[in-house]
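I set out to record what I looked up in this structure, entry by entry. The sequence and coordinates come before the notes.

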Amino acid sequence: MDHQQPAVRVSKLGYVGFTTPDVDRLVEYYTRVLDFELVESSPDGAFLTTGVDHHCVTITRGEGRARTSVGYEIHEDLDDAARRLGEAGYVTQRRSDVGPGTPDVLVLAEPGTGVPLHLITAQDPSGVSGYPPLRPTKLGHVAAYTADLGLLQDFYQDLLGFRWSDTVGDFFVFLRCNADHHAANFMASTKYDGMHHVAYEMRDPSHLISMLDHLAKHDHRLHWGPGRHGPGHNLFTYHRDPDGNVVELFTQIDVVHDEAKGHWEPRPWHETFPMYPRTWEVDAATVNQWGPVDPPSLDH
């Protein structure tokens with residue numbers, strides 16, 4: 001499809017929501033294991049951050065489920081965004097009660113999944129300062145299943161201004177909203193729904209190793225990695241949180257400076273120079289340049 005001027009332009013992945021039957025257990029995982037900062041909490045939920053934004057993770061009491069909401073910062077003001085999305089045929093709702101740190105939110109349903117997407121211009125500051133030695137630098141990306149990959153890819157590109165970065169075969173697409181290789185990726189599936197994984201960025205391999213040692217001390221074992229993906233070329237590890245959600249810790253993801261010229265941040269492991277978005281073959285080297293494949297991660 002020829003992607004025209006989008007209705008809005010997402011500039012940043014802001015936060016992701018989880019529901020859980022055991023709020024305290026998940027909060028303990030995020031604070032004691034991943035070293036997030038707890039900004040606000042109640043018996044029914046919590047808001048956690050890795051840095052200056054009020055939160056990048058929201059936890060709410062309920063049936064265990066991941067990616068119950070996703071927050072995106074956009075360039076446009078919300079009045080203009082609401083008008084343009086309405087003209088494109090999408091119903092939106094303006095809300096001031098979504099949660100602390102985001103007093104003005106434009107909400108719309110993600111097509112095909114119904115997941116609430118929260119569009120904001122910015123978050124209130126968290127008040128958190130300093131750089132603890134273990135804490136991830138940021139929420140990097142959220143991956144999800146979809147029954148209609150084309151519909152969702154067109155929505156993200158045409159309505160929200162995402163750009164295509166890579167595709168694996170005909171079933172796994174990577175989309176970006178800024179220079180990072182992907183902030184959202186979607187896997188076509190009629191077998192699964194919901195979140196595929198959530199990913200948090202580490203500064204460098206040494207930072208990642210320190211966190212992996214910390215995970216081991218808390219009895220969180222990796223089920224895949226360390227390895228290096230083809231698309232995005234990020235160094236990756238995967239483990240599960242106490243609710244069974246898949247969590248990726250990664251570093252060295254591709255940075256796309258200029259897609260037209262193929263000016264991606266140069267890496268010694270890139271296959272081509274310049275580097276452009278591409279459709280990757282479904283093989284072991286695409287999934288993990290270093291070695292083993294995790295078959296459940298590709299099951300769709």
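**Entry 1. Basis.** I worked from a predicted model, in which local features need pLDDT of at least 70, side-chain atom pairs count only at pLDDT 80 or more, and totals for chains, interfaces and linings use all residues. Residues are numbered from 1 along each chain as its sequence is written, and side-chain values use heavy atoms, with hydrogens and water left out.

**Entry 2. Cores.** I looked up the nonpolar cores, that is, sets of buried Ala, Val, Leu, Ile, Met, Phe, Trp, Tyr and Cys residues joined through side-chain atoms within 4.5 Å. Buried means under 20% relative accessible area, exposed over 50%, and partly exposed in between, with a 1.4 Å probe and protein chains only. The largest core holds 69 residues, and Tyr30 and Tyr200 have the most contacts inside it. Helix α1 (residues 23-33) supplies the largest share of this core, six residues. Helices (H or I, at least four residues) and strands (E, at least two) are DSSP runs, numbered from the N terminus. There is also a second, separate core of five residues, including Trp224, Phe236, Val246 and Val287.

I then listed the contacts (heavy atoms within 4.5 Å) of Tyr30. Not counting residues up to four places away in sequence, Tyr30 touches Phe18, Asp35, Phe36, Leu48, Val57, Ile59 and Tyr200.

**Entry 3. Rings.** I searched the whole structure for aromatic pairs and found 16. Rings of Phe, Tyr and Trp (its six-membered ring) pair if their centres lie within 6.5 Å; planes under 30 degrees apart count as stacked, over 60 as edge-to-face and the rest as tilted. The ring centres of Phe155 and Tyr156 are 5.4 Å apart with planes at 80°, so this pair is edge-to-face. Phe155 and Tyr156 are both buried. Phe172 and Phe174 form a tilted pair, with 5.1 Å between centres and 40° between planes. Phe172 is buried at a relative accessible area of 8%, and Phe174 is buried at 7%. One aromatic cluster is formed by Tyr72, Tyr90, Phe155, Tyr156, Phe162 and Phe186.

I also looked for charges over rings (NZ of Lys or CZ of Arg within 6 Å of the ring centre and within 35 degrees of the ring normal). The charged end of Arg228 sits over the ring of Trp269, 3.7 Å from its centre. Arg278 lies over the face of Trp280, 3.8 Å from the ring centre.

**Entry 4. Helix α4.** Which residues of α4 are buried? They are His207, Leu208, Met211, Leu212, His214 and Leu215. They cover an arc of only 160° around the axis, which puts them on the same side of α4; the arc is that of the directions from the helix axis to the C-beta atoms. These buried residues pack against α1, β14 (224-228), β15 (235-240) and β16 (246-251). The face turned away from the buried side carries the exposed residues Ser206 and Lys217.

**Entry 5. Two buried residues.** I found His239 in strand β15, buried at 0% relative accessibility. His239 and Arg221 are 18 residues apart in sequence and 6.2 Å apart in space, C-alpha to C-alpha. Leu26 belongs to helix α1 and is likewise buried, at 0% relative accessibility.
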